[in-house]
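Here is a note for someone reading a structure of this kind for the first time. Please keep the sequence and the 3D view open while going through the points.

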2 protein chains.
Amino acid sequence: MARIVVKFGGTSVAGIPQIENAAAKVAAEIARGHQVAVVVSAMSGVTNQLIEYCREISPLHDAREYDAVVASGENVTSGLMALALQKRGIQARSWQGWQIPILCSDVHGKARILEIDGTEIARRMDNDNEVAVIAGFQGVTSRQRVTTLGRGGSDTTAVALAAALQAERCDIYTDVNGVYTADPRIVQHARKLKKISYEEMYELASSGSKVLMTRSVEMAMKMNVPVQVLSTFEEPIGSDYPGTLVTRDEDIVEQEVVNGVAHSKDEAKVTLVKVPDIPGIAAGVFGPLAEANINVDMIVQNVSQDGKTDMTFTVSKAELQRAMQVLKNEPRLAGIEIRFDEDVAKISVVGIGMKSHAGVAQTMFTALAERGINIQVISTSEIKISVLIAAEYTELAVRALHAAYGLEGDRKLA
Amino acid sequence: MARIVVKFGGTSVAGIPQIENAAAKVAAEIARGHQVAVVVSAMSGVTNQLIEYCREISPLHDAREYDAVVASGENVTSGLMALALQKRGIQARSWQGWQIPILCSDVHGKARILEIDGTEIARRMDNDNEVAVIAGFQGVTSRQRVTTLGRGGSDTTAVALAAALQAERCDIYTDVNGVYTADPRIVQHARKLKKISYEEMYELASSGSKVLMTRSVEMAMKMNVPVQVLSTFEEPIGSDYPGTLVTRDEDIVEQEVVNGVAHSKDEAKVTLVKVPDIPGIAAGVFGPLAEANINVDMIVQNVSQDGKTDMTFTVSKAELQRAMQVLKNEPRLAGIEIRFDEDVAKISVVGIGMKSHAGVAQTMFTALAERGINIQVISTSEIKISVLIAAEYTELAVRALHAAYGLEGDRKLA
């Protein structure tokens, strides 16, 4: 008997038949003798609709009200999931973020979980065999306002809950059956990984892989919670881990140089043209952005000519408008031309074996050059290399790199 | 300067344009120097969809989970209304039931408001000119579970809030411009009432008039909160009270014998056939129904023959299935045939002048008899007479009674 947390994404709870199907999976885990807590997303499409409502009223809205609005989708699915479990004779109740509580920072719209009090949920698991169904994506601030964790935040709820409940595993049920070496919709021969390290998964997630939210992987790594990604719509076929297990790198025998190619079209490039090459300019750019809670990803600054230089960086497209406003209002940047380009894609290769291998970057640059793909910006970490290219080359670049690093597996069975 | 509570129903917040329109009405009240608190329903159609989800999973569901699900529609509109007000430069914030808190009884699905702590909302009105936007229809129990007040419950939220804030008036914005002598869709010459007493409005509401929820009128009467019913979609035309004002009967100069004809197709008739006419049978019927929180409306028992009698009563169609189950499981009723009929309508005439006039019932019975309409059940109160008839005669009966009591006004302007 183990205690596990299972999380169902939006497509897994898209309607009543899907919720019933998900409830059946929970029932199967209980039949195996496990204690289960369930985390649910909103029905697919609902959160987008709610965000759209907020934007229709005002593109620059009070994030506290935005949170109150968009968190409601998970209230619906947590209640419905509890009903679907009860129908199967399983004692269950729903929990909204404020009821547990899931205490969060007050950075509305992308709050961080500070603390989850799992005492009552654990007590009910032990004493009453009660299944807790938790509304994902949401929490409450110390001021008793509802907050949300940013897109994909239900993954983070699930991992944080698994840590709070000292669960053995966190199963993320989604519409794909695991983590692939590249997006199978782009690379036909992409291979499903049986295991992947936290570090690699973290880099893939922050590079555009939509399978897990970056923050959830970071938390899983910190809390050492094994996370399994698996499909709601496939039956397990005898294997203990039918999906991909995200775990410590010590638990992975064979470490590949490159384990995956990720791409992202969610970033926009911002260029400050002919910036005076004097101290304080970088602070004038990145200070105000940080204060406005806007994440900056890739940064590049060319060698200066005539005491002037171009400074380029990327931000999330969703935050581009806000970023431009912040920069235009910054007195230290007065008179400086600021351009942006949304027509870019970030392509990344990730692998823990990179640490001990040379020439990984060279392989990437050669493969792209051979296809005539120009690299606009480069950024690297210990186990990742990312490049920014024109968006139209995205698929070509992903396929070229997947082949260049020999990631092909057997043809994926439909 | 006055403090007022304004409430917008589902059609008044059906989409972003409607919410913007409603926000403009609030802004107009503020421009007049009033302090305003706003109560909102869910977007029209949303609550029905959420109820349908619950029913799809199970017709007999845990009311606590049902409440968690269906209360979410108001979370959306309260946040959106706050955003729409902020856009107009008005300081505003949304409040969910648990945040205020609106403390309710734990009869889930149709809870009663026990207490509203209006201190913080009033403080912010006075100190910060902040407009509170309250999610209607919902509250929280002492066990910190979300609960709802039953259909139309946002009216009750608004009236209770007006009482808690010691507001001068509660304006209920809806899709009709007041209370009519009969449903204008049935009676072309129905007349809009400028004023109506709490007592009459209460009887009309409990007899099928959908303009206000019964419970809200009861509360307005008890708390002495003047309630104005008016249209969101019409502009006021110079009058202080463009709609209908529901107030104390002392404030109404001319008291009509009959002020309105109401009809309801929401009730079903239940008949227990050949019940032994012995003590304890009525308790065996109505005790278990009361315990299950099922309201029984009209009750009639014929004079017994051969020590047996038929007993007939009505319950809400929504609760019929549950009522039948309760009765079938009741040992004291074992072996008794229980029939039900959903094909019935309740027609009621209401007027405070009835207290001092004779012959009011006779006029009703004659008017119906002249059209060949059979009366199945009769029930009366001090200011109301209701009859149960076959549903197909509904419109005919309403028109006949409206004419019989001389309620015609000028042809309603579209």
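1. Start with a term: two residues are in contact if their C-beta atoms, placed from the backbone, lie within 7 Å. Keep in mind that this is a predicted model.

2. With that term in hand, look at helix 7 (residues 198-206) of chain B, which lies across strand 13, strand 18, strand 19 and strand 20 of chain B. The helix runs at about 170° to strand 18 of chain B.

3. In what order do the four strands of this open sheet in chain B come? The order is 13-18-20-19, and the pairing is antiparallel. Strand 13 (260-264) and strand 19 (377-381) of chain B each have a single partner strand, so they stand at the edges and one side of each has no neighbour in the sheet. From one strand to the next, the twist averages 20°.

4. Inside that sheet, strand 18 (residues 344-350) and strand 20 (residues 384-390) of chain B are paired in the antiparallel sense, over seven bridges. To find the pairing on screen, look for B:Val344, which stands opposite B:Ala390 in strand 20 of chain B.

5. Now turn to where the chains meet: 27 residues of chain A are in contact with 27 residues of chain B. On the chain B side, helix 2 (46-57), helix 3 (63-70) and helix 4 (72-87) each supply at least two residues. Which helix of chain B gives the most to this side? Helix 4 of chain B does, with 11 residues. Sorted by class, the side of chain B that touches chain A has 13 nonpolar, 10 polar and four charged residues.

6. One helix pair across the two chains deserves a look. Helix 4 (residues 72-87) of chain A packs against helix 3 of chain B at an angle of about 160°, and their axes are 7 Å apart. Angles over 145 degrees count as roughly antiparallel, and the two helices are therefore roughly antiparallel to each other. Residues making the contact include A:Val76, A:Leu80 and A:Leu83 from chain A, and B:Ala68 and B:Val69 from chain B. The contact divides into six nonpolar, three polar and one charged residue.

7. For a pair within one chain, take helix 11 (residues 360-370) and helix 12 (residues 394-404) of chain A, whose axes come within 9 Å and cross at roughly 135°. That angle makes helix 11 of chain A oblique to helix 12 of chain A. The crossing is right-handed. Among the contact residues are A:Met364 and A:Leu368 of helix 11 and A:Leu401 of helix 12. By class, this contact has seven nonpolar residues, one polar and no charged.

Technical notes:
Residues are numbered from 1 along each chain as its sequence is written. Chains are lettered from A and ligands numbered from 1 in the order in which they are written. This is a predicted model: local features need pLDDT of at least 70, side-chain atom pairs count only at pLDDT 80 or more; totals for chains, interfaces and linings use all residues. Ala, Val, Leu, Ile, Met, Phe, Trp, Tyr, Cys and Pro count as nonpolar, Asp, Glu, Lys and Arg as charged, and the others, Gly among them, as polar. Axes are lines fitted to C-alpha atoms, for helices over the stretch in contact, and angles run from 0 to 180 degrees between N-to-C directions. Angles under 35 degrees count as roughly parallel, over 145 as roughly antiparallel, 65 to 115 as roughly perpendicular and the rest as oblique. A crossing is left-handed if the near helix is turned anticlockwise from the far one by less than a right angle, and right-handed if clockwise. Two strands pair if DSSP finds at least two bridges between them.
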